[in-house]
Structures are given as C-alpha cells and as structure tokens.
Amino acid sequence: MKLLLVVAYFLIAAAPALADDKSWKPIDQVKAPVVEHEADAEAIFWDVFVDINSSRVSFSHYIRIKIFTERGRDSQSKVDLLYIGKNKIEDIAGRTIKADGTIIELKKDAIFDRTIVKGNKLQIKAKSFAMPAVEPQAIIEYRWREVREDEHFIRLQFQRDIPVQSVKYSLKIPIEFYLHMVTRTFNGENKRFVQEKENLFSRSMTNLPGIREEPDMPPKDQVRTWMLIYFVPYEFGSELNKIMYDDFKSSTKLTDELRKTAATIVGNAATPEEKIKLIFEFCRSRIKRVDSEALTDLDRAKYKTNKTATDTLKSEAGTGSDINLLFAALVIATGFEARLAKTPSRDDIFFDARSADPAARLYFMRNSSIVVKLDDKWRFFDPASAFVPYGMLQWNEEGQTALLIGDGMESFESTPMSPPEKSLQKRTAKLRLTEDGTLEGDVRIEYRGHFAAERKAYNAYDSPEQREQTLREEIKQRISIAEVSNVRIENANDMIKPFVCSFHVRVPGYAQRTGKRLLFQPAFFQYGKSPRFSATERKYEVYFRYPWMEQDEVEIDLPVGFVLDRAESIGAFPLANIGKYDVRIGITKDQRILVYKRDFLFGDGGRILFPAGAYQQLKQILDVTHELDNRVITLKQAEANPKN
C-alpha cells in the first residue's frame, strides 16, 4: 500500500481534461496501402487523447481504416473493445464511407455487451459491434472512450493487427507532473513527449507494421511497439527496497504462537528438506485462500484483513500473499533464513530486472514467492499457488531473474526452470480393433507438473458435468467421429495428486480396410493432430511456455483372423540437443496384442526460446516426429487353411 501511495501522489492533482473533438475528420481517399504493400486493410490514423485525473485515466480513441480486400473486410468489420474489472467502454460512434461516398452510420442498437473467454478461462468483457456495409475500398472509422480505474502505470500501444500509417497520443497533464514522468518504449525508439501547448504533450509514430499471430510466439508486448509511462519522485528508488523489506519484517515478526506451531509441524523431521516440505504442506492445506476465484464477493467479505503472519495463522485464512508470508515466518521460526522474492511474469514480456529502474520493477515484478537458504543456496517456494507442485513455481515465473528483498544491497537470483520430466503427460490406452476397422477401448491420461496445474486451474471450479463436457469437446476436436462414454475426472481440486481423466472411446473407421488388409495408426494419442507449424517462414521467435514430456503406451487387441504384416520400431534419436523421441513397437508372444510405446521429451536444459532464424530447423525436427507419429501398420488376413 505504501508503494502505491508514493506513485499515486503524482497523479492526484491532475487538471480537468481538454474537451476532445467529437467531430469526424475530412475524408482523404487512399487508393493503396502505404506501410505494407500487400495489406488487406490499413489504419490511416489512430489518434488517442489521454486524460490523467488522479488514478482514473481515460483514453479517447479515434481510428480510421481503409479496407482493400475481402479478407480485410472480414477481419476489420467486427470490432471487440475489451475491458476488465471496473474499467469501462463508453461513447462509441462509428460510420462506414463507401467508395462512392455513401455514408452509413453505426446504429446504437448494434452495440452490445459480451464476455470473451481467453486462455485459462480468463473472462474479459467487451463492447462488440459490426461496422455496417463494409466492402473492399470502403473506409471505416469509429471512436470510443476507455476509462481505466486505479491506473498508476499506463501502457500506450502503438501497433495493431493491421499496419498503421500514423499513431498519435495526446497527453493532458500539468507541467509539474510531466517533469516527474518516466517513459520507456519497448521495441522502438524511446523519445519523450513534446509539448504542444500548456499542459498538453504528444508523441507520434508513423509506418508501423501489423502484428500477426504465429503459433507459439512470444507474448504480444514482447514483440510489438508500446510505451510505459509512470510518475515517480526523485527519492523513490532509494526508498523502494527499504519499504518492501520493512513490510516483510513486520509481517513475519516472530511470536510464541508461530514458534510453537512451527515446532509442532516439523515434529521429528530429520532433514532440512523434510522440515521445509512439512511447513509448505501445512500452509497450502490448512490456510484457506480468500482471494480465490472459488469465493464470491460475499464470502470474501467475511474474512478480516491480516496484518501479520500470526493473524493469518489464527484466522486460518488469507490472501495468497498472506499464505506465503506465513510460510516465511514459520520457516524463520524453525531456524532458516528466508526472504521475499519478487518475480516478473514471462507471459507478459521478458523483463530484465537487473537493468530496470526501481519503479519499473515494482510494476513488472508483481509475482511474489519465498526464498529459503538450504545448503547455502537459495530455493524458491510458492505455497499460495495451490496446484503448483512442491519445489516448482508457476510456469511463467520459472527461468526469470528474481529480486530478493533484503536490508542491504540489491540481490538477484535466477529462478530454476523445471526439467521436462516434471511436467508429464502419461497416457495409456487398452483398445480392441475389429475387422471392420472400428477401434474401441479404455483410455487414461495423467497430467503432472505444469500440465496438472493448468488443467486444475481450468477445471477446479467447474461442475462435474462441465468438466466432462470440456473433455468431450477436446476429444472431438482431434477425432470428430469419436464416441465417448464413461468419462471420469479425478483430483481436479487436489493440491498434490496428478490430474487424471479416463473414458471409454469408440472410433468407427479408425483403420482402413483394403481387400484382405487393415491399415491403421498405432499412435492413438497423436491421431488427428496437425503439424505444429505449417508456415514456411517465420517473423517472430518460437517460444514454448515450459519444457515437457509425453509418455504413451497403447495396447491394441488385433482382430481375429488377422496377423501383423509389417511393423518397424523407430527407436530413439535426439532432437538436436533439445529433447528426444523414442518409439518402440512390439507384439505379444501369442501374436494377439500390439504394444506401442512412445516417449517424447522437449525443452531439455530449459531451452524453450528459439530465434526466428532457427525456425526452419525446429520445424523440420517437429515435422519429422509428426510424420513418424502418423506411420501406419498393416495387418493381413491369415489364410483359413494354410498349407504345410
């Protein structure tokens, strides 16, 4: 809280906004793209008026787009203006100017509210509308006001999904605050705002290419041009570490109750590792997290705010931060050295903490964990992250530079990247193939590590029926004709056990019948999957979130009257020092059951980020494994009365 007050001080007395222009600008006909000559659509200008008033910031947007092709029409005619939390979108207006000069206004009743679900069931609100009568060579333009609450650090985006000829941000702010304003431009030149008149400053950019989605690309703000602005007093940097350290020491101050509880928890544990693990499991299982998605606002209101770790222990409830601070206090009470660690999230940008100023660290390093010194090394722990296994951090905090909060000089440590074996998909299937090509049997999939944490976070608060439907849809996406029954999901809310799903499946026509032969793909878990990469060229780096491993074992009971004609084990081979691929195929002694085993490991040594220049090699590696996964096995019909 102290930190936000220091930053917010410079926003409190901002002056009233200028009256931004509500009229449409004159139309200049544009015949061809300027920034990208083959663009389907291009923004002629994007003007944004920014009014800072205390911690409430409003953005008045005005964008004009030229449509050149049918694809441009399809991509730009439907608009979603996103917002979250208490933020708002208002004052929407729009119109389409056809090539013959006809103007069609956007009707107010064409604008509606909807919820968009992204990623791990993150719900984002949107004001949505379709621009009227859009066609190639038309111009569309629309305005809207975006109001953000509690915005102490302000992001200004300069790139869109289409090229932009000109972007201009006009910032209304008193001159005394401008003198304390810090700007940092990412993926672009860091020029300051220029003063246009009293209390009005602007920053423009021209000829910005469009940002296009690519599979497994870095976060968008890692690759596109944008600016961060914030306001800090000159003494802020020297105060930051001290404020955070004092807060940590105050929150973890030892009491008799903490000492007694710690002694009870560790009991007769012999090793430091055993003691730390017992404390970790106590904090995770015994303390109810009150900022969980599972609780309603009414439920949260029942819990008091904890000021210290002792308060959290007494109430047996707290926020994620409270749980981690209690863990630290109990660890300290047991005789270990512990500190608070602040870590950036690489699902946002790849932040370099060592070269950033203290205020930027405050903004980007919002994730907290606890470091404990074991065997003269710092180890990272996060009991507040309910589904992350002991000894691991959330995937987006691994492989990052963390700031350790202490009473002396700044200290940095690298968070470890969990090896592939920690995030495992273990899949087994016992199936039967019939002579008409139908494959049927029971399947079990076990998720561990980051796989399990993601699955649990996605499914934890759903009903059993919703979880079943999610699994059915996932299977149908891969095998559209699959018939799924007897679905069972285990450990969706368990903090320790792997996430497990099992089901019975029937796939008509899985094998192809040609005369007296049956051809089928033994790699059941790869059946129906497309190659990971299809494009021949790549613009951005290739980025995988974490290393992982897959273990498959498929048993297929062969149809009566058929014998194996040809099946070659592929064997093991390394994947250019980033993993391995190993396939073994065998058959039982009675020649009745085919056994297919596959191990795939990727990200060995923590290698999950690859330059665009390595794309061709990486694509070739994954194309080869995809081709091998899709190899077919041939069965032939045995003769009824074989000759001697």
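Modeller: A residue counts as buried under 20% relative accessible area, as exposed over 50%, and as partly exposed in between, with a 1.4 Å probe and protein chains only. Q591 has a relative accessible area of 40%, so it is partly exposed. The structure is a predicted model, in which local features need pLDDT of at least 70 and side-chain atom pairs count only at pLDDT 80 or more, while totals for chains, interfaces and linings use all residues. Residues are numbered from 1 along each chain as its sequence is written, and side-chain values use heavy atoms, with hydrogens and water left out.

Colleague: What percentage of the residues of the protein chain count as buried?

Modeller: Of its 644 residues, 50% count as buried. The C-alpha atoms fill a box of roughly 105 × 80 × 45 Å along the principal axes.

Colleague: How many helices and strands are there in the protein chain?

Modeller: Both are DSSP runs numbered from the N terminus: helices are H or I of at least four residues, strands are E of at least two. The protein chain has 14 helices and 35 strands.

Colleague: How many disulfides does a search of the whole structure find?

Modeller: A disulfide is a pair of cysteine sulfur atoms within 2.5 Å. The search finds 0. As for individual cysteines, C283 is buried because its relative accessibility is 0%, and C501 is buried because its value is 1%.

Colleague: In what order do the 8 strands of the open sheet stand?

Modeller: Two strands pair if DSSP finds at least two bridges between them. The order here is β24-β25-β23-β22-β29-β33-β32-β31, with mixed pairing. The edges are β24 (483-490) and β31 (571-574); each has a single partner strand, so one side of each has no neighbour in the sheet. From one strand to the next, the twist averages 10°.

Colleague: How many bridges join β22 to β29?

Modeller: Strand β22 (residues 424-433) and strand β29 (residues 548-557) run parallel and are joined by 9 bridges. Opposite K430 stands E555 of β29, and R432 has D557 of β29 as its bridge partner. On to strand β33 (residues 593-602): β29 is joined to β33 by 10 bridges, and these two run antiparallel. There V554 stands opposite Y596 of β33. In a regular strand the side chains alternate between the two faces of the sheet.

Colleague: Which strands does helix α12 touch where it packs on the sheet?

Modeller: Contact means heavy atoms within 4.5 Å. Axes are lines fitted to C-alpha atoms, for helices over the stretch in contact, and angles run from 0 to 180 degrees between N-to-C directions. Helix α12 (residues 449-459) touches β22, β23 (439-447), β25 (499-507) and β29, and its direction makes about 80° with that of β25. Helix α14 (residues 615-629) also packs on this sheet, touching β31, β32 (579-587) and β33, with its direction at about 170° to that of β33.

Colleague: In what order do the 5 strands of the other open sheet stand?

Modeller: The order is β19-β18-β17-β20-β21, and the pairing is antiparallel. β19 (377-381) and β21 (411-414) are the edge strands; each has a single partner strand, so one side of each is left without a neighbour in the sheet. The twist averages 40° from one strand to the next. Within this sheet, β17 (residues 338-343) and β20 (residues 401-405) pair over 3 bridges, and K342 has L403 of β20 as its bridge partner. Helix α7 (residues 272-286) lies across β18 (367-374) and β19, at about 155° to β18. Helix α10 lies across β17, β18 and β19, at about 15° to β18.

Colleague: At what angle do α6 and α10 pack?

Modeller: Angles under 35 degrees count as roughly parallel, over 145 as roughly antiparallel, 65 to 115 as roughly perpendicular, and the rest as oblique. Helix α6 (residues 256-266) and helix α10 (residues 320-333) pack at about 80°, with axes 8 Å apart. The two helices are therefore roughly perpendicular to each other. The contact is made by L258, R259, T261, A262 and I265 of α6 with L326, A329, L330 and A333 of α10. These residues divide into 7 nonpolar, 1 polar and 1 charged, where Ala, Val, Leu, Ile, Met, Phe, Trp, Tyr, Cys and Pro count as nonpolar, Asp, Glu, Lys and Arg as charged, and the others, Gly among them, as polar.

Colleague: Where is N187 found, and what is its phi near?

Modeller: Most residues other than glycine have a negative phi. N187 lies in the loop between β11 (181-186) and β12 (194-197), and its phi is near 60°, a positive value. Its relative accessible area is 42%, so N187 is partly exposed. Q591 also has a positive phi, near 65°, and is placed in the loop between β32 and β33.
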